Amino acid sequence: MTFPKYSYDPDLPLAATLVETAETHRVGFFLNLLMKRSRPVMLVGGAGTGKTVLMNSLMTKLGDDYNVALVPFNNYTSSMMLQAVLEKPLEKKAGRNYGPPGSKQLIYFIDDMNMPEVDEYGTVAPHTLIRQHID
């Protein structure tokens, strides 16, 4: 397996640099398969392992058939804020149906899912909303 030769770009921040390896190609292959089948994907790993950089790299390679909505989580993310962000890229289709503009497919890229605050009952309201959306 051969990879493109890495060349350093001084204008690109180091945190956004992706050095292609066998592992990034493997993960990218499976991510593409899952995205083509409209399956949810979650990358899990420690801080600084390149999850966001890998996803950003894959998102830039998508064709014009896709819209990508970035959903960054932080400590103050609530379910109301999340719902507003999820609804923003949608347009009314027919009746009570909403969807992405035209015939495009919409991909929500949720970054830093672990950030919202845990409430007194041990739950995270934005996670519950995402779970309802997936089910």
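The model is predicted, with local features needing pLDDT of at least 70 and side-chain atom pairs counting only at pLDDT 80 or more, while totals for chains, interfaces and linings use all residues. Numbering runs from 1 along each chain as its sequence is written, and side-chain values use heavy atoms, leaving out hydrogens and water.

Leu14 sits in the segment before helix H1 (22-36) (helices are DSSP runs of H or I, at least four residues, and strands are runs of E, at least two, numbered from the N terminus). With 68% relative accessibility, Leu14 counts as exposed (exposed is over 50%, buried under 20%, partly exposed in between).

As for aromatics, the count is one pair (ring centres within 6.5 Å). Phe29 and Phe30 have ring centres 5.3 Å apart and planes at 75 degrees, so they pair edge-to-face (over 60 degrees). Phe29 is partly exposed at 49%, and Phe30 is exposed at 51%.

Helix H4 (residues 125-134) buries Pro126, Leu129 and Ile130. These buried residues fall within an arc of 100 degrees down the axis, so they line one face of H4 (directions from the helix axis to the C-beta atoms). Their cover includes helix H3 (79-87) and strand S4 (105-111) (contact: heavy atoms within 4.5 Å). On the other side of H4, Arg131 and Gln132 are exposed.

Notes: Buried < 20%, exposed > 50% of the residue type's maximum accessible area, 1.4 Å probe, protein only. Phe/Tyr/Trp six-rings, centres within 6.5 Å; stacked < 30°, edge-to-face > 60°.
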